[in-house]
Amino acid sequence: MKKNQIRLLERLAGKKIHRDLIVSPEIARTLSELSFEINRQIGLLIHRSGQIEMVIVGTFSGLMIPQLNAIRTAGGRLRGLRLVHTHPGGEDISDEDLMDLLFLRLDLLSVLKITADGLPERLYSVHLLPEDTAGRGWTFLPPVHPANQNESFEELINALEGEFTRLQRVRRRVERREDRAILVSVSTEAKIVAEESLGELVELARSDNIEVLDTVLQRQRQINPRLIVGKGKLADIMIRALQLDANLLIFNQELNPSQIRSITDFTDLRVIDRTQLILDIFAHRAMSREGKLQVEMAQLKYMLPRLSTRDDALSRLTGGIGARGPGETRLEIDRRRISDRLARLGGELKAIASERYRRRSKRRKKDLPVISLVGYTNAGKSTLLNTLTHSDIIAEDKLFATLDPTSRRLRFPTEMEVIITDTVGFIRHLPDTLLQAFKATLEELQEADLLVHVIDLSNPVYREQMAVVDRLLGELELDEIPCLRVFNKIDKAPYPVQARAEAEKEGVVISAIDPGTLRPFLERAERMMGKALEPM
């Protein structure tokens, strides 16, 4: 570009536009003439106050809008910025323009078409809608010449923001900063399996006190390696998030660092995956010191490879020799601190594991047999333990309501006394970082003389849940220990007679909240314990 053209662009950057105008006729003419002269698109990012915040020069066919984090915004549902840019080729508002409008939450996007002699033809504008109409979340304004703008831009935007606010029924919760999420699942599995997995994600969100505003399920032959969902589907999700005033996206699939960066490039919403959600639940529910250490270790292991590769503190002279060289970057320091913390946590957990081993040794010396309750999360293990031992362990209708292992004494009808232990529940796609962190706790299961696999008979996919638990027990090398299958929640089963007949072929049927149903379980467990304790 020539020097006079650059100077003209610099002068444009200092201009201010009247609040009622999308763009002033004078600036529209200057923009059109300069765009025609250099045969490139030129864009202006204009604040709601009328101040031009940024001038962008693109190519003949497109603009690259930089990160907008440093630009002040209006703080509402819309960003408080509008984009006015030229189309020297005379094209209509394109799909890329609509994506920019949506992903950046712009107040308005306008295109200046240019005549054959380099003058502005008309201004074509589009803005987002508070409600989805005709399957799309935006509407086009009638084209207008820049010199004939009769409608007030300021009144239009104020009306839009007011309508967004009127439709937002969770205003008080927003002020309390509660999380309001849209759940997204992309699956290559059968429809019933995909729907059940998404339903489980809803329950996980509920367990973490997150309000679920909407769910999105997309079944594909192959998952998009960059954005998980297609760009068009992500655009639909962004429109829905804006209309519902969501502040969180939760993906049912584990996202790698590249996918997180790609998705967050398109949205200001916080983005987490299933693993992060489970980690957050564990962080809230862990009560013991050991549980808290295990969860922190799992969180740090998850976070370490996901630290941003961008470092805004490259010039900081930290860790260098004297004042020479850049020293350690902020990113390197964060990684080193996490690694150091992981090493310390590992040492503390080893010490706790040793203490746990000593406690088990004392228990073995007293010749008390051990029964361990295992099963899918929310199958009713804690409720069963409470009923059997008259305890008051927390037992809620939520996934992972209890995390810390709990042991109680139990006396069988024949006066045989045992230790019965409740452990953390399993779940499909249990994060490997959590499984590794909780291995010390799960070692308790190695000492069990009998495993009691508690199964939620009322769940339509209880067979799949059984398979998940069996697979995880195999991975933990616990499949050699005798196991009694206990089918719980017969009182909630949709077809109790049929369900009981089917389940009794494989184990015993109970309702953990009804002590009267537990006698067959106690008798079967006692017989199996007797066989397990017989000398070889």
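Me: What is the handedness of the crossing in which H1 passes H2?
Reply: In this predicted model, the contact is made by Gln5, Leu8, Leu9 and Leu12 on the H1 side. On the H2 side, Ile27, Thr30, Leu31, Leu34, Glu37 and Ile38 take part. The crossing of H1 past H2 is left-handed.

Me: Are H1 and H2 roughly parallel or roughly antiparallel to each other?
Reply: Helix H1 covers residues 3-13 and helix H2 residues 25-38, and their axes lie 11 Å apart. The packing angle is about 150°, and angles over 145 degrees count as roughly antiparallel. H1 and H2 are therefore roughly antiparallel.

Me: At what angle do helix H6 and helix H9 pack?
Reply: H6 spans residues 191-207, H9 spans residues 274-285, and the two axes are 9 Å apart. Their crossing is left-handed. The contact involves Ser197, Glu200, Leu201, Leu204, Ala205 and Ser207 of H6, together with Arg274, Leu277, Ile278, Ile281 and Arg285 of H9. The packing angle is about 35°.

Me: Which side chain of opposite charge is nearest to Lys381, and how far away is it?
Reply: Lys381 belongs to helix H12, residues 381-389, and is buried. Its contacts beyond four places in sequence include Leu373, Tyr376, Thr423 and Val454. A salt bridge requires a side-chain nitrogen within 4 Å of a carboxyl oxygen, and Lys381 has none. The nearest side chain of opposite charge is that of Asp422, at 5.0 Å.

Me: Is Asp392 buried or exposed?
Reply: Asp392 is located in the loop between H12 and strand S12 (406-411). The cut-off for an exposed residue is over 50% relative accessible area. Because the relative accessible area of Asp392 is 69%, this residue is exposed.

Me: What percentage of the contacts with a separation of 6 or more is between residues 24 or more positions apart?
Reply: The protein contains 17 helices and 16 strands. Of its 536 residues, 50% are buried. Among contacts with a separation of 6 or more, the share from residues 24 or more positions apart is 66%.

How values were computed:
Residues are numbered from 1 along each chain as its sequence is written. This is a predicted model: local features need pLDDT of at least 70, side-chain atom pairs count only at pLDDT 80 or more; totals for chains, interfaces and linings use all residues. Side-chain values use heavy atoms; hydrogens and water are left out. Helices (H or I, at least four residues) and strands (E, at least two) are DSSP runs, numbered from the N terminus. Buried means under 20% relative accessible area, exposed over 50%, partly exposed in between (1.4 Å probe, protein chains only). Lys and Arg count as positive and Asp and Glu as negative; His and the chain ends are not counted. Contact means heavy atoms within 4.5 Å. Axes are lines fitted to C-alpha atoms, for helices over the stretch in contact, and angles run from 0 to 180 degrees between N-to-C directions. Angles under 35 degrees count as roughly parallel, over 145 as roughly antiparallel, 65 to 115 as roughly perpendicular and the rest as oblique. A crossing is left-handed if the near helix is turned anticlockwise from the far one by less than a right angle, and right-handed if clockwise.
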